[in-house]
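Dear colleague,

Please find below the structure that I am handing over to you, followed by my notes on it. I would be grateful if you could read the notes with the structure open beside you.

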Amino acid sequence: MANIYTVLQINSYIKNMFDTDFVLKNINIQGEISNLKYHTSGHIYFTLKDKDSTISAVMFAGSRMKGLNFRLRDGMKVVVTGNISVFEASGKYQIYAREIKETGSGELYERFVNLKNELEEMGMFDEIYKKPIPKNIKRLGVVTARTGAAVHDIISVSRRRNPGIDIILYPAKVQGEGAAESVCTGIRFLDKAGVDLIIVGRGGGSIEDLWAFNEECVAREVFNCNTPVISAVGHETDFTIIDFVSDLRAPTPSAAAELAVSDVSKIRDRLLELNAGLNIRINGFLKNYSDRIASYNVKLNYLSPANILEARENLLRNYYYKLNNSINAVMKNYTSVFQILCTRLDGLSPLTRLKGGYSYVCDEGGSNINSVEDIRPDDTLNIYVTDGIITATAKKITKKEGTENDD
């Protein structure tokens with residue numbers, strides 16, 4: 001029975017053939033760089049191509065230190081020195097570069113540079129023509145392929161940031177023959193559709209893959225578009241002509257969606273924050289004006305006619321009480337004096353004397369007889385006693401000294 005080998009055994013056998021070949025151990029290959037990728041590990045992956053064929057290439061981080069003193073870019077013509085071997089895991093052969101030297105620019109890259117310089121001289125890249133990117137858009141237009149990572153990333157990021165966003169997709173051809181015309185048609189269609197913002201882009205690739213976005217017709221379509229345009233072509237290191245013409249460049253399609261669509265959760269949080277601040281300020285104003293009104297009420301009550309009348313009424317009442325108390329005090333004092341005087345008067349009253357056995361004498365006219373000189377003999381006298389009046393006639397008048405008058 002024939003021998004049966006594993007895939008790994010076959011790939012290892014072929015790898016050994018490559019590694020023992022004298023020519024392939026140290027070989028120089030001239031070509032144009034395409035599909036360039038700088039990995040985070042420090043390794044560089046790219047394709048080396050000419051007009052008829054391609055070969056995969058890798059330069060590990062350790063070789064970059066000695067064998068590369070400039071930055072590679074797509075379209076650059078180089079000479080790669082290294083060895084060709086097989087990567088056993090995939091069974092693919094590639095050149096492992098130890099040194100890379102630049103020999104010139106590729107044809108596509110030269111076309112890119114020439115068109116870029118021409119449009120720049122025309123002023124199409126000038127900032128004065130850049131339209132502002134609107135905030136809180138409701139309708140987003142997207143020009144990209146119907147399938148692929150780019151459209152998926154744009155839609156998923158947009159929906160995550162704003163579930164209510166209206167997305168209009170124009171499924172354009174983004175690579176190969178007729179791609180530039182398809183992209184132009186998509187931009188014109190969405191510009192007339194009344195969207196708020198347009199994203200034009202696709203995923204990464206070689207300079208050939210991205211070439212539709214380096215065509216002059218696409219650049220002019222973006223420049224003449226009335227709707228603001230965000231370009232999102234390739235990866236962060238990829239640059240195309242429309243990146244310079246568009247109103248804003250995004251490094252990736254996902255980043256374009258981040259820039260285009262506002263995060264409604266942050267807007268909601270901001271609105272809640274503003275609402276809380278507004279309530280605090282309103283409550284502060286209300287309290288301030290409430291305190292002022294209360295102060296005005298106090299002043300108004302103090303200065304009101306009713307309050308003034310009440311205050312004066314209270315003052316008059318106080319005056320009345322004071323006057324009444326003063327009168328009562330005076331009356332009490334005079335009553336006491338009157339009582340004393342009455343007592344004194346009572347002590348001096350003839351009636352009191354009459355009660356003590358005394359009497360008083362008046363003439364017929366009622367005048368008191370105080371002296372013997374007040375009467376004449378035979379004058380009629382009225383003698384008042386406690387229980388009546390005695391009428392008598394003066395018979396004899398005798399002075400104190402003992403002189404007598406006979407009738």
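Helices and strands are taken here as DSSP runs, numbered from the N terminus, a helix being H or I over at least four residues and a strand being E over at least two. This is a predicted model, in which local features need pLDDT of at least 70 and side-chain atom pairs count only at pLDDT 80 or more, while totals for chains, interfaces and linings use all residues. Residues are numbered from 1 along each chain as its sequence is written, and side-chain values use heavy atoms, with hydrogens and water left out.

An unreviewed UniProt entry annotates residues 5-100 as "domain: OB-fold nucleic acid binding"; UniProt positions are given in the numbering used here, feature names are shortened, and such annotations may be inferred rather than shown by experiment. In the model, this span is 26% helix and 47% strand, and the C-alpha atoms at its ends lie 38 Å apart.

On cysteines, a search of the whole structure finds zero disulfides, a disulfide being a pair of cysteine sulfur atoms within 2.5 Å. C184 is accordingly in no disulfide, and the nearest cysteine sulfur, that of C217, is 3.8 Å away. C184 counts as buried because its relative accessible area is 5%, where buried means under 20%, exposed over 50% and partly exposed in between, computed with a 1.4 Å probe on protein chains only. C362 is likewise buried, at 3% relative accessibility.

The structure holds 15 salt bridges, each defined as a side-chain nitrogen of Lys or Arg within 4 Å of a carboxyl oxygen of Asp or Glu. One of them joins E32 to K49, with the closest N and O atoms 3.6 Å apart. This pair links distant parts of the chain, since E32 sits in strand β1 (residues 27-38) and K49 in strand β2 (residues 44-49), 17 residues apart. Both E32 and K49 are buried. Another salt bridge is formed by K101 and E99, whose closest N and O atoms are 3.7 Å apart, and here E99 is partly exposed, with a relative accessible area of 31%.

A further salt bridge pairs R317 with E313, the closest N and O atoms being 2.9 Å apart. Both residues lie in helix α11 (residues 305-348), four residues apart, which is about one turn of the helix. R317 is partly exposed at 31% relative accessible area, and E313 is partly exposed at 44%. Elsewhere, salt bridges that share partners join R160, R161 and E258 into one network.

Turning to helix packing, helix α5 (residues 149-161) packs against helix α9 (residues 253-260) at an angle of about 30°, with their axes 8 Å apart. The two are therefore roughly parallel, a term for angles under 35 degrees, with over 145 counting as roughly antiparallel, 65 to 115 as roughly perpendicular and the rest as oblique. The axes are lines fitted to C-alpha atoms, for helices over the stretch in contact, and angles run from 0 to 180 degrees between N-to-C directions.

Finally, P132 is found in the loop between α4 (107-121) and β6 (139-144), and it counts as exposed because its relative accessibility is 70%. P132 and K287 are 155 residues apart in sequence and 43 Å apart in space, C-alpha to C-alpha.
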